[in-house]
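Biologist: I've got a model open and would like to learn how to read it feature by feature. Could you walk me through it?

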Amino acid sequence: EGFSLKFTESMLTNYSQPLSATEDGQCKNAIRMVADALKTLGFTDDNAAITPLYTDTFAYSLQMRRSSDSRNIKLFVQGSYANNTNVRTESDVDVAVIQEETFLPEYRKDSVYPQSGADYGFTPAPAAAKTFKDEVQEALKCKFGTDVERKNKSIKVHGNTYRKDADTVPCRRYRDYRQDYRRDASNFVGGVVIYPDNGGMIINYPEQHIANGRKKNNDTNHHYKKMVRIMKKMRYLMEDSYITAYSSVAKNVSSFMLESLLWNIEDSWYRTYCGTYRKVYAFSQLIATLQNRKNDFGGYKEANGIKELCPKPSDYTNLCNFIDQLASFYEYE
C-alpha cells in the first residue's frame, strides 16, 4: 500500500511566505560587497545609496563609473531574491555586473529598412587586453582571496557567518534595435549578454523579468508569487524524494521555468481561485489547469515576456512530465 504526503493549509501558507527582513539586508550586503571589490579597479559609486530597481522588490541596484576611461557599470540583484520568490534560504544571491558603455547591438537585416552601427554613430570598441570577467575576478580575489571561485557563467564568492554566498555574473549590455525606425540610440530593448567560459553567448532579460513579475503580483493581489513559492517548494520536495520518478523529473525543470510557467496563467485565474479558496484547494486547481493547458505551453513565454518558455522539444517534454508527476505527488483530497 503506497502512501501520499498530505499537504495541510498551514504547510502551504508557510511555503508561500516571502523573504524576511534579514534576507532583504543580505541582498543589500551582496551588492555592497561586490561594489567595494570593484573599487580596486578604480570604479566609484559617488557614495550613492543602494536602491531597488523597482519599489517593493529586493532588486537592489547601484551604478558605478570610472572617470579615467568613462566606463560605466550597473550592479543589481537578479534571480529569485530580486523577484522575492526564493524558497530555500541557503541559496546564493545573484548579482549581475553589467558593462554599459561596451554593448552588443542587434540590428534589422531586412532589405527595406536595414540598420548598422553607422546609423547611430557607434564605433567598434577596441579589443580589451583582459575580458571583463577576468577583471571582475581579479577585483573579487583582491578583496576575498581564496573564497573566490570561477564558474562557467559566474564568479562565486563563498559566504561565511556574516555574508551569504554571492554569484557575480559579469555581462555586457545587449541592445536590440530591430524595432527602432527613427535612428534613436536610446530606443532599444535592453538585455544582458553573458559569455560562458565554455563558449557561445546567452542573452537574458533580468530587468524585464523583475518588472513583469512585480506587475503580475500586484495585479493578482499578491497571489501570483505565493503560488510560485509553493510550486518551487514542491519542486525541491520532489527533487529530495527517494522516489526516482519524482526526483528525476524535478531535476529536469528549473525554478525559473516554473516561475515563468505560472506567469503565463491569466490574472483573473489567480483572483478567482486564490482569492476565494484555501491554498490547498487553489494549488490543486492550479495543477489541474496546467494539465489541461499543456498544448498551450509551446506558445508560452519566459517571465520576461520576450524569450520562449520551451525553445527545445525536450524543454516541453520535461515540463509536461513534471506537471504530471506533481499531480501524483500532491494528491489533494
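Biologist: Let's start with C142. Which helix is it found in?

Modeller: C142 is in helix α4, which covers residues 132–144. Helices here are DSSP runs of H or I with at least four residues, strands are runs of E with at least two, and both are numbered from the N terminus. Before going on, keep in mind that this is a predicted model, where local features need pLDDT of at least 70, side-chain atom pairs count only at pLDDT 80 or more, and totals for chains, interfaces and linings use all residues. Residues are numbered from 1 along each chain as its sequence is written, and side-chain values use heavy atoms, with hydrogens and water left out.

Biologist: Is C142 buried or exposed?

Modeller: Buried means under 20% relative accessible area, exposed means over 50%, and partly exposed is in between, using a 1.4 Å probe and protein chains only. C142 has 58% relative accessibility, so it counts as exposed. Other α4 residues are buried, including F132, V136, A139, L140 and F144.

Biologist: How do I check the length of α4?

Modeller: Take 1.5 Å times one less than the number of residues; that's the expected span of a helix. With 13 residues, α4 should span 18 Å, and its end C-alpha atoms are 18 Å apart, so the two agree. Helix α6 passes as well: its 17 residues should span 24 Å, and its end C-alpha atoms are 24 Å apart. As for burial, α6 is mostly covered, with 13 of its 17 residues buried.

Biologist: What follows α4, and what is its phi?

Modeller: That's G145, with a positive phi near 55°. Most residues other than glycine have a negative phi.

Biologist: Which loop holds N47, and what is its phi?

Modeller: N47 lies in the loop between α2 and β1 (51–52). N47 isn't a glycine, yet its phi is positive, near 55°. N47 counts as exposed because its relative accessibility is 74%. Have a look at N221 too, in the loop between α5 (206–219) and α6 (223–239). The phi of N221 is likewise positive and near 55°, but N221 counts as partly exposed, at 47% relative accessibility.

Biologist: How should I read a nonpolar core?

Modeller: In soluble globular proteins, nonpolar side chains tend to be buried together. A core here is a set of buried Ala, Val, Leu, Ile, Met, Phe, Trp, Tyr and Cys residues joined through side-chain atoms within 4.5 Å. The largest one has 42 residues, and L38, L75 and V97 touch the most other members. Helix α2 (residues 21–38) contributes the most to that core, with eight residues. Apart from it lies another core of 41 residues, among them Y224, V280, L286 and F329.

Biologist: What does L75 touch?

Modeller: Leaving out residues up to four places away in sequence, the contacts of L75 include I31, V34, L38, Y60, M64 and V97.

Biologist: At what angle do α8 and α11 pack?

Modeller: Axes are lines fitted to C-alpha atoms, for helices over the stretch in contact, and angles run from 0 to 180 degrees between N-to-C directions. Helix α8 (residues 255–263) and helix α11 (residues 313–330) pack at about 80°, with axes 12 Å apart. Therefore α8 is roughly perpendicular to α11. Angles of 65 to 115 degrees get that label, under 35 is roughly parallel, over 145 roughly antiparallel, and the rest are oblique.

Biologist: Which residues meet there?

Modeller: M257, L258 and L261 of α8 meet D315, L319, F322 and I323 of α11. By class, that contact has six nonpolar, no polar and one charged residues. Nonpolar covers Ala, Val, Leu, Ile, Met, Phe, Trp, Tyr, Cys and Pro; charged covers Asp, Glu, Lys and Arg; the others, Gly among them, are polar.

Methods
Contact = heavy atoms within 4.5 Å.
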